[in-house]
Each structure stands twice: as structure tokens, then as C-alpha cells.
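Time to open the notebook and look through this model.

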Amino acid sequence: SDLASVRALARPGESLSRIARELNRTLWELSPEDSFTSLLCAQISSSRKCLRYVNAGHEPALLLRKGTEHVDRLDSTGAVLGLSRLGSYRELTVAFEPGDILAAFTDGVAESMGPSGVVRILRDGLDSGVPEMAASVLDAAESGTDRTIVLVRSNEAEACPLPKARYALAAA
């Protein structure tokens, strides 16, 4: 599976651009013609309060900033995986402060309610837990579509090798 390939390539400190390039090359070699995959690959560092990411043609993730109305879009940094052997993927880094929320979701969620609808539901549920917020988004999305969302809310950062964050993965 694609997830197993990501896990095999991902090592602490590994370049996310390199991971995307390797996955792209593998998919290009092994997949049927006209087959492709989108990917959002992110790594969160709680000690440095940042998030590194590569977005290979996936729906832009949203980063809701705590205490403000500001929302950052984590737009595409390269083409979808598998269309060309020579894909190029840029890795970007953004701040990920305590209280910020990362929302990554499938096309089915975006097409059903649009990114602004996702933001509205998440802002309405800020006092809820992350699993409840994810469920609210999926409940509002049209049934019969590919509905998956990953939410991560950053907690107070501590110096530790793994991010201290609350997260939820929900799919319908």
C-alpha cells in the first residue's frame, strides 16, 4: 500500500521531498498508465513549534491559527504522484504553535462543503475535543462521497522527540 511505502521511506529527519520523489518514481514504474495518487506528507516538531510538509497534488490542508481568524492553506508543492518519472516536490516549513489546528481532508469533504465550510465547523467546535470536531465535519459532508479527515491540535510544546498533540483520523 502507499502508506506502507511512506513508512518504509520515512526516517527521522528524512527529507520529505525525497520521500515524495521516491514514491513518485515507484508509482510511475508500477502503476497502470493514467493512474496517479495525491499525497500530503507532514512532520510536526513540537520542540521547534513547526510543521514541515510536501503536498503532491492533494487537497490543500488548512492550518487554523489559535486566537485569530487567520487560516493558512498548505497548497500543492508538486504534481500528483505517478504521472511522470521526474516529479519534483518542494518541502515547506510553517509555524505550528500551541493551539493551532491542522485539518487535512479528502476531495469528498472539500467538494461537499468547501474549505470555508470545514473552517466554519471547526471554529464552531473549538471547545470540543478533536474526535468530536472530526465527526462534526464528516456529519456535515454529503454521504456517498469519500469522506476522510485528519485533525491535529498542537498542545503546549515540550522538548521531546515525538510531537505532543491530540489527533483524530475519521473516515466515512
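**Ground rules.** I noted that this is a predicted model, in which local features need pLDDT of at least 70 and side-chain atom pairs count only at pLDDT 80 or more, while totals for chains, interfaces and linings use all residues. Residues are numbered from 1 along each chain as its sequence is written, and side-chain values use heavy atoms, with hydrogens and water left out.

**Fold.** I found four helices and eight strands (DSSP runs numbered from the N terminus: helices are H or I with at least four residues, strands are E with at least two). Along the sequence they run α-α-β-β-β-β-β-β-α-α-β-β.

**Interior.** Of the 172 residues, 44% are buried (under 20% relative accessible area, with a 1.4 Å probe and protein chains only). I also looked up contacts (heavy atoms within 4.5 Å): among those between residues at least 6 apart in sequence, 61% join residues at least 24 apart.

**Leucine 23.** I located leucine 23 in helix H2, residues 16-30. Is leucine 23 buried or exposed? Leucine 23 is buried, at a relative accessible area of 6%. Its C-alpha atom lies 10.0 Å from that of arginine 85, 62 residues away along the chain.

**Helix H4.** In H4 (residues 130-140), I listed Val130, Met133, Ala134, Val137 and Leu138 as buried. Viewed down the helix axis, the buried residues of H4 fall within an arc of 135°, so they line one face; the arc is taken from the directions from the axis to the C-beta atoms.

Methods: Buried < 20%, exposed > 50% of the residue type's maximum accessible area, 1.4 Å probe, protein only.
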